[in-house]
Amino acid sequence: MKSLSGRCFLSAAAAVLAVAAATQARAAYPDHPIKLIVPFTAAGTVDMVGRALAEKLSAKLGQPVIVDNKAGATGQIGSSEVARADPDGYTLLLMSATVHTVSPNLKQHFPFDPIDGFTPISEVVSFPYVMVVSATSPYKTVADLVAAARAKPNAISYGSFGPGSGPHLISELFALSTGTKLLHVPYKGAAPALTDVMGGQITFFIDSLPSPLGQIRGGKLRPLAVTTLQRSPTVPDVPTMSETIPGFEAIAWLGVAAPPKTPRPIVAKLYQALAEISKDQAYGDKLRAIGLEPVVSASPEAFRTWLIAQKQYWGDVVRKAHIPMID
């Protein structure tokens, strides 16, 4: 009996020690380097944000945060890798509006659930799109452009990265909101579209603010409006689209997510670090210089709710504008 009692005691003690060890291991997170997957090529705006964020996360968490560029399929290859990764907090994703709230509305067979296929942690950067015309364009305001488009349907042209891209959807939202018909001219990227705007081959182009900011500051492009509800501190003299078209809004953003089923304590620790980083003055100044605003969601749960709303918002635009599926 004594031997049995001793074995029971030892088993119970071992169980307690195992639980304590597991708890200690969770509390020690992170204890080795973290990988932040950026699903786009190096040297672009998204990559710059990823590297600035990784540097600050490394300092906050006490472990190296290594940026891993996994470009391809408009961000879907890198995102897919995170969706399949172990939920241990050591593989994170820099999310984008295109991959998680826009593109899923345009494909019948998306490679992953854009929201519940991940553990959303927080939005980290928000920035507007901006409507630009040539510096020599006769259109000085959004109202001028709307009047011309109403007078001559399909005479006003705009550029995009192709069907279903952000510039395409936002320009179609502009047409829907103003009751106008525009001519869509797709390009392979921002550079040729901006070149043709400056040369007068197309009337306007709507792109995320960092893209044409250099040409705006250089006087080659005239910004007519930003698409956030508030003016951008980077270009404070540029009005919002909603000042002419009440309620018009289109937000570009980046966020951080982990694989699905990541433990709540790990999510909480990462969220706290991101919240502190959002208030870092040097980090914020670096982002604002190129038109980006550091932000943090109210909570991981609030971020997920907002993602659902954004996905629905762009789904409504796709349906109302009769934009066809692209696969």
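Trainee: Where does Ser242 sit, in terms of strands and loops?

Mentor: You'll find Ser242 in the loop that runs between strand 8 (221-226) and strand 9. Strands here are DSSP runs of E with at least two residues, helices are runs of H or I with at least four, and both are numbered from the N terminus. Before we go on: this is a predicted model, so local features need pLDDT of at least 70 and side-chain atom pairs count only at pLDDT 80 or more, while totals for chains, interfaces and linings use all residues. Residues are numbered from 1 along each chain as its sequence is written, and side-chain values use heavy atoms, with hydrogens and water left out.

Trainee: Is Ser242 buried or exposed?

Mentor: Go by relative accessible area: under 20% is buried, over 50% is exposed, and anything in between is partly exposed (1.4 Å probe, protein chains only). Ser242 comes out at 17%, so that residue is buried.

Trainee: And what does Ser242 touch, leaving out residues up to four places away in sequence?

Mentor: A contact means heavy atoms within 4.5 Å. On that basis Ser242 touches Leu229, Gly247 and Phe248. There's also a polar contact, side chain to side chain, between Ser242 and Thr240 at 2.9 Å. That term needs a pair of N or O atoms within 3.5 Å; within protein, one must be able to donate a hydrogen and the other to accept it, and residues adjacent in sequence count only if both atoms are side-chain atoms.

Trainee: What about Phe110: which residues does it contact beyond its neighbours within four places in sequence?

Mentor: Phe110 is in the loop between helix 4 and strand 4, and its contacts are Gln76, Val99, Ser103 and Pro104. Gln76 is 34 residues away along the chain, yet the two C-alpha atoms are separated by 9.1 Å. With 18% relative accessibility, Phe110 counts as buried.

Trainee: On to charges. How many salt bridges are there?

Mentor: Side chains of opposite charge can pair when their charged atoms come close. The rule used here wants a side-chain nitrogen of Lys or Arg within 4 Å of a carboxyl oxygen of Asp or Glu, and the count comes to 11. Arg288 is partly exposed at 28%, as are Asp285 at 41% and Glu293 at 26%.

Trainee: How far apart in helix 10 are Asp285 and Arg288?

Mentor: They are three residues apart in helix 10 (residues 281-288), about one turn. Asp316 and Arg319 in helix 11 (residues 300-320) are likewise three residues apart, about one helical turn, and their salt bridge has closest N and O atoms 2.6 Å apart. There's a network as well, linking Lys35, Lys70 and Glu81 by salt bridges.

Trainee: While we're on helix 10, which of its residues are buried?

Mentor: Tyr283, Gly284 and Leu287. Seen down the axis, these buried residues fall within an arc of 95 degrees, so they line one face of helix 10; the arc is taken from the directions from the helix axis to the C-beta atoms. Gln281 and Ala282 are exposed on the other side. The buried residues pack against helix 2 (45-61), strand 4 (119-134), helix 9 (264-277) and strand 10 (293-294). The N-terminal end of helix 10 is capped by Asp280, with a side-chain oxygen 3.2 Å from the backbone nitrogen of Ala282.

Trainee: Last one: how many cavities of 30 Å³ or more are there?

Mentor: Two. On a 1 Å grid over the protein atoms alone, a cavity is a set of points where a 1.4 Å probe fits but cannot get out; a pocket is an open set with protein on both sides within 12 Å along at least five of seven lines, and lining residues have an atom within 4 Å of a point. Points are joined across faces, edges and corners, and a volume is the space filled by probe spheres set on them. The largest cavity has a volume of about 60 Å³, and its lining includes Ala97, Tyr129 and Trp314. The largest pocket holds about 920 Å³. It is lined by 37 residues, the closest to its centre being Phe40, Val46, Thr74, Thr98 and Phe161.
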